[in-house]
Amino acid sequence: MTGTVTPFPAPRRASAPQTEGSAMSPSSVATAVEPLLDVRGLTISLPDGADRPYAVENLTFTLNPNEILCVVGESGSGKSMTAHATMGLLPKPHVKVTGGELLFRGHNVFTMSETEQRALRGGRIAMVFQEPMTALNPLKKVGDQIEESLRVHTSLDKAARAARVVELLTQVGLPNPADLSKSYPFRLSGGQRQRVMIAMALACEPDVLIADEPTTALDVTTQKQILELIRSIQAERHMGVMFITHDFGVVAEIADRVAVMQHGKLVEIGPARQVLNAPTHPYTRHLIASVPHYIEHRADFTKSGDALLEARNVNKVFNVGGGFLRKGRQVVAGDDICLTIHPGETVGLVGESGSGKSTLGRSIVGLMTPNSGQILFKGQNLLGLKRREFRPFRRDIQMVFQDPYASLNPRHKVGDIISQGPVAFGEDKGKALTRARELLQLVGLDGSAADRYPHQFSGGQRQRISIARALAMDPTLLVADEPVSALDVSVQTQVLKLLDDIRHRLNLSMLFITHDLRVAAQVCDTIAVMRRGKIVEIGPSRSVFGDPQHEYTRTLLDAIPGKAWEIPAELLAERAGHSAGGHPS
Amino acid sequence: MKTSSGFWAAYARNKGAVFGLLIVAVVIVLALFSGVLFPESPWEMVNAPFLPPMSDGALLGTDTLGRDIAAGIAHGARMSLWIGLVSTGVALLIGVSLGALAGFFGGVVDDAIMRFTELFQTIPNFVLAVVLVAIFTPSSTSIVAAIAIVSWPPLARLARGEFLSLRSREFVQAAITTGQSNLTIIVRQILPNSLSPIIVSASLMVATAILLESSLSFLGLGDPNQMSWGYMVGAARTVIRQAWWMSFFPGLAILLTVLSLNLIGEGLNDALNPKLARKGR
């Protein structure tokens with residue numbers, strides 16, 4: 001490693017790219033590689049009234065041929081803005097480039113004419129978006145959508161284009177490409193759509209591929225396949241790939257070089273091995289330390305007494321798309337599910353999307369009714385209870401929701417939100433408000449937060465409020481449905497820490513629903529792995545992670561991004577020291 | 001959500017809406033002080049008939065019976081606004097309650113209410129209003145009732161749509177899991193969040209109600225004891241070629257008021273749904 005990495009690389013221009021280029025990718029041929037993309041002092045301004053004047057400030061980096069550069073940062077770090085500026089996708093006229101240049105093979109993109117820029121985009125530079133569900137036009141066949149860019153950017157005739165479409169679909173590993181090119185996007189799964197997006201991006205053999213969180217919306221196993229696909233295509237075509245992500249696991253999986261961004265500024269850039277294993281900037285160190293991971297020293301949970309909650313043979317089938325006189329498709333979300341939660345135990349329910357994990361959680365809190373089975377809480381079957389009979393149990397079983405932005409009523413003050421539950425159970429309003437303030441302090445916020453509205457808080461703070469609302473009912477069982485999946489990693493750690501702290505302090509039992517095995521590993525005593533409505537494996541965390549019995553569990557574990565990479569021990573030690581204070585996010 | 005100053009700033013960005021608000025303010029003042037400005041009854045013959053505008057003692061002229069048109073417009077403003085506001089209020093009450101129930105409970109309740117709503121939507125509004133007023137003899141109460149009955153269905157549909165989407169939001173589910181009653185959830189959790197589009201369409205409905213009332217009085221189905229713009233236009237239509245001003249000024253009053261209310265509705269839409277408004281501006 002000869003790359004001279006400074007924490008603030010802003011003003012380094014001419015000399016830096018070459019040294020870096022040679023240092024980072026051993027496969028690049030010459031020492032003086034001309035960078036594909038050369039970003040110099042890029043500044044993007046935000047409209048007045050935004051929380052900071054610049055989305056991206058004085059950003060300088062290069063992207064070389066035949067490398068994957070990962071741009072990492074939390075939400076609002078300006079990483080997507082950089083990609084969008086390159087593709088001319090900034091929301092005009094409010095957000096615009098106000099300084100710096102962006103050179104593609106030595107030509108400044110910003111000074112090109114519209115026509116030249118258009119030829120460049122889609123032709124030489126292509127982009128893959130985060131959300132495969134919305135990035136494809138639902139009304140056009142996927143083949144036609146790929147063909148469109150061939151029609152615009154190449155002079156191939158119709159037959160040649162059709163052949164090329166099939167060839168591209170084959171390359172991205174889609175089965176039955178000829179038939180598939182004639183299907184509409186809704187027939188494809190998320191992973192397949194992302195493959196189609198990649199095929200579309202590759203249509204004109206671009207030199208640069210910009211991938212903006214292309215796997216964030218996908219399940220782990222699909223993510224693994226897409227990452228492998230991007231990696232192999234990149235190696236085959238010697239493309240430069242700018243891969244935007246928030247996940248250091250993904251970085252460890254595919255990056256040659258890493259750029260870390262914070263608040264619109266580049267804080268660290270260097271070869272992947274160096275940034276991952278010996279980060280220098282405090283922010284990078286903090287981010288890496290926040291990556292969820294399995295805690296080795298967790299003692300096995302010793303079950304004592306009767307089960308607090310027991311699910312017996314719970315079945316749930318959804319009828320999708322049915323209507324009057326027409327039978328729809330059936331989706332099994334619960335297939336003979338059996339699960340017990342003991343007092344003080346945290347059970348993790350892990351599975352990919354559509355596995356039925358949320359269905360079980362919602363059935364337990366009474367938001368959904370299974371078709372058959374029993375859910376026993378302290379021996380009393382909750383299913384089949386009338387609304388009024390169920391009501392007393394509402395206090396005992398509380399839920400923390402996934403989306404901190406949707407789970408708090410925007411028109412109510414935080415204090416009211418927390419106290420509404422107890423008030424509904426006849427608590428005195430003033431008393432409930434006082435208690436709400438205490439709870440806010442318990443979850444690491446200031447008591448004065450009670451007088452403010454939810455929109456004045458960040459995602460992590462809102463999730464704390466959400467937890468306080470659940471705690472206001474003095475529950476014995478907390479169902480947490482993906483409570484941290486909408487949060488940035490560093491905030492994630494704090495919220496997980498809070499949940500862990502609270503459940504010990506209040507001796508809560510918890511059903512922790514998550515798609516992320518790393519998160520489950522960090523907080524759960526027992527882990528249940530679900531697939532297609534069935535629990536395929538259940539056992540103590542240690543054995544599920546250490547000695548998985550079911551093949552699907554092994555597949556899931558294998559798909560965890562960056563599993564080969566160990567978070568440097570010193571950073572973990574640092575984090576243990578940091579989070580002891582329990583900073584509010 | 002927003003501070004009130006932020007709301008006004010967003011509203012004032014739409015110049016048309018500010019203009020609309022001014023006009024409506026003038027109409028309101030006119031309606032409130034019609035008794036002071038024109039103490040005589042508008043039905044009183046105060047001058048020679050067929051006086052053109054700007055004549056002595058009759059600013060906007062007189063009608064076929066020598067009644068002052070300016071007085072008629074001032075007193076008619078009271079009737080128009082009253083009908084517009086009250087009938088919209090009643091329509092809101094019916095529409096939002098039914099829509100809320102349908103959207104919140106779904107299933108059979110939803111089906112029943114929506115079929116009932118469709119029953120009203122299949123009959124042309126104006127025809128139904130005419131029939132209702134004709135049956136119940138024209139009076140301001142029956143006119144208000146008729147207008148309210150024909151105009152609630154769109155509000156019910158709107159409210160239902162809002163409730164349907166908000167119902168599955170997590171904060172509503174959180175309210176369910178914390179044991180709040182259905183009534184509390186409907187009134188305190190969902191309703192405040194569905195108000196913006198309802199307010200906007202209600203402001204437009206006031207305009208429609210004024211038009212409906214004018215049309216009814218034009219046909220002679222107005223309250224015989226109340227001067228109204230529609231009646232004035234209707235009564236003057238036979239002499240429109242000899243005395244344009246008799247129908248022109250009340251017509252202008254209707255036009256300006258309805259236009260202003262529509263502008264206000266648009267302004268409210270911009271201010272309450274800022275994300276939608278920014279497009280294309």
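Visitor: At what N to O distance do the side chains of Arg518(A) and Asp247(A) meet in a salt bridge?

Guide: This is a predicted model, in which local features need pLDDT of at least 70, side-chain atom pairs count only at pLDDT 80 or more, and totals for chains, interfaces and linings use all residues, while side-chain values use heavy atoms, with hydrogens and water left out. Residues are numbered from 1 along each chain as its sequence is written, and chains are lettered from A and ligands numbered from 1 in the order in which they are written. A salt bridge needs a side-chain nitrogen of Lys or Arg within 4 Å of a carboxyl oxygen of Asp or Glu, and for Arg518(A) and Asp247(A) the distance from N to O is 2.9 Å.

Visitor: How many salt bridges are counted between domain 1 and domain 2 of chain A?

Guide: The assignment, automatic or from a database, gives domain 1 as 1–116 + 247–290 and domain 2 as 343–353 + 399–579 of chain A. Between these two domains, the count of salt bridges is 2.

Visitor: Which helix gives the most residues to the side of domain 1 that touches domain 2 in chain A?

Guide: Helices are DSSP runs (H or I, at least four residues), numbered from the N terminus. On this side of domain 1 of chain A, the elements that give two or more residues are H10 (248–254), H11 (272–277) and H12 (282–290). The most, 6 residues, come from H12(A).

Visitor: What area do domain 1 and domain 2 of chain A bury between them?

Guide: Buried area is the accessible area (1.4 Å probe) lost on putting two parts together, summed over both. Of the area between these domains of chain A, 52% is on carbon and sulfur atoms, and the total is about 1500 Å².
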